[in-house]
Amino acid sequence: MRKDPIAKFKKVISKAKTISIVTHWSPDGDAMGSSLGLYHHLKNLNKNVKVIVPNEYPGFLQWLPGNKSVINFQFNQKKAEQFIGKSDVIFTLDFNTLKRIDKLGDFISKNTAAKKIMVDHHREPDHYADLYFHDVNACSTCELIFLLIRSTSGLKAVNKNIATCLYTGIMTDTGNFRFPSVTAATHKIVAELIEKGADNSAIYSSVQDDYSESRMRLVGYCLSQKMKILADYSTSYMCLTKEELDKFGFEKGDTEGLVNYALSIRCIKFSAFFMEKDGMIKTSFRSKGNIDVNSFAREFWNGGGHKNAAGGQFSGSMNSCEEKFLNEVPNLFSKKVK
């Protein structure tokens with residue numbers, strides 16, 4: 001954990017005129033919720049501010065207030081670079097290394113003299129920022145943005161738009177409040193957000209009840225045809241090829257949360273999901289208890305994350321990816337704390 005003095009944040013923000021907010025590749029609910037929540041706060045402070053994402057994010061997040069102002073670096077690189085280049089401050093949210101944002105990270109590191117502020121809850125952050133609001137014990141980056149806003153401007157600064165964005169990120173990053181990262185403090189923050197106008201029922205419906213027919217059929221196919229169980233290691237995994245994704249008309253976000261399903265099975269403590277996309281295999285890992293998938297992802301899958309939730313990628317065929325996974329699972333369980 002590293003949290004620099006609040007006075008430093010106040011000073012940097014007050015002096016800034018133009019501010020960029022950047023989040024990670026394939027933004028999820030926490031990434032977009034924290035980015036747009038901060039966006040609305042800075043707009044209220046009369047800052048010239050934009051949210052810049054490395055690539056597209058799921059449709060079930062595109063209802064969030066402020067969504068239409070987001071710049072997609074993949075599709076509008078020149079516009080994004082121009083805004084970042086003139087920014088006084090760059091907030092980097094929900095990631096711990098500029099490698100997570102690929103070419104956008106290269107541009108930021110080589111072409112900007114702006115003050116950089118990291119707000120994040122992932123382990124082992126890189127040391128590229130000038131200011132840090134970092135805590136691995138936080139349930140989400142949205143929780144940290146709430147605390148940062150409250151500390152710098154007071155609770156009165158949180159309006160309905162901010163509350164809606166932050167509630168969305170907390171809800172999605174905690175698996176609807178069921179992960180161990182959720183604490184009494186989390187629920188107190190959520191209560192404050194609801195009092196400030198976040199409609200918890202409507203938010204849940206907007207995110208969770210947005211399945212297309214093809215997405216629902218893809219989920220059914222994965223559970224009935226693709227899920228494999230390694231009973232000796234309390235492990236489940238699924239592999240989806242590009243051909244299978246194409247068969248179901250895959251759209252961004254259609255596989256969101258699939259890795260969590262197997263953890264509902266009695267005795268399953270580790271779940272993995274592998275998806276072939278853009279010439280790579282995307283890997284997702286979830287676990288219960290003392291099974292450290294963060295270390296597993298960092299050591300073997302060019303990734304990382306949290307103790308019980310992490311991801312990465314693999315360069316090679318799906319068959320070789322599956323073979324590697326089957327070889328490494330016994331090592332993961334031999335290292336776990338008894």
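Two strands are said to pair here if DSSP finds at least two bridges between them, where strands (E, at least two residues) and helices (H or I, at least four) are DSSP runs numbered from the N terminus. By that rule, strand β11 (residues 280–287) and strand β13 (residues 309–314) are joined by six bridges and run antiparallel. The model is a predicted one, in which local features need pLDDT of at least 70 and side-chain atom pairs count only at pLDDT 80 or more, while totals for chains, interfaces and linings use all residues. Residues are numbered from 1 along each chain as its sequence is written, and side-chain values use heavy atoms, with hydrogens and water left out.

The two strands belong to an open sheet of six strands, whose order is β8-β9-β10-β11-β13-β12 and whose pairing is mixed. At the edges of this sheet lie β8 (228–230) and β12 (304–305), each of which pairs on one side only. Helix α9 (residues 213–226) packs on the sheet, touching β8 and β9 (235–240), and its direction makes about 125° with that of β9; contact means heavy atoms within 4.5 Å, and the axes are lines fitted to C-alpha atoms, for helices over the stretch in contact, with angles running from 0 to 180 degrees between N-to-C directions. In general, strands of a sheet pair through backbone hydrogen bonds, either parallel or antiparallel. Here, F285 stands opposite A310 in β13.

Rings of Phe, Tyr and Trp (its six-membered ring) pair if their centres lie within 6.5 Å, and planes under 30 degrees apart count as stacked, over 60 as edge-to-face and the rest as tilted. A search of the whole structure finds 18 aromatic pairs. In one of them, F270 and F296, the ring centres are 5.7 Å apart and the planes stand at 90°, so the pair is edge-to-face. This pair links distant parts of the chain, with F270 in strand β10 (residues 270–277) and F296 in helix α12 (residues 293–300), 26 residues apart. F270 counts as buried because its relative accessibility is 0%, the cut-offs being under 20% relative accessible area for buried, over 50% for exposed and in between for partly exposed (1.4 Å probe, protein chains only). F296, at 2%, is buried as well. The rings of F274 and F325 have centres 5.1 Å apart and planes at 70°, so they too form an edge-to-face pair. F274 lies in strand β10 and F325 in helix α13 (residues 318–335), 51 residues apart, and the pair again links distant parts of the chain. F274 is buried, with a relative accessible area of 0%, and F325 is buried with a value of 0%.

K247 lies over the face of Y221, at 5.5 Å from the ring centre. F133 itself is in strand β7 and is buried, with a relative accessible area of 3%. Setting aside neighbours within four places in sequence, F133 is in contact with residues including R2, K3, I6 and F9, as well as L144, L147 and L148.

Two histidines can be followed next. H24 is placed in the loop between β2 (18–23) and α2 (29–44), where it counts as buried at 4% relative accessibility. Its side chain makes a polar contact of 3.5 Å with the side chain of D28, and another of 2.9 Å joins the side chains of H24 and D94; a polar contact is a pair of N or O atoms within 3.5 Å, of which, within protein, one must be able to donate a hydrogen and the other to accept it, and residues adjacent in sequence count only if both atoms are side-chain atoms. H122, in the loop between β6 (115–120) and β7 (131–134), is buried with a relative accessible area of 11%. The side chains of H122 and H306 are joined by a polar contact of 3.3 Å. Beyond its neighbours within four places in sequence, H122 is in contact with D94, F95, N96, H134, V136, G305 and H306.

Methods
Lys NZ or Arg CZ within 6 Å of the ring centre and 35° of its normal.
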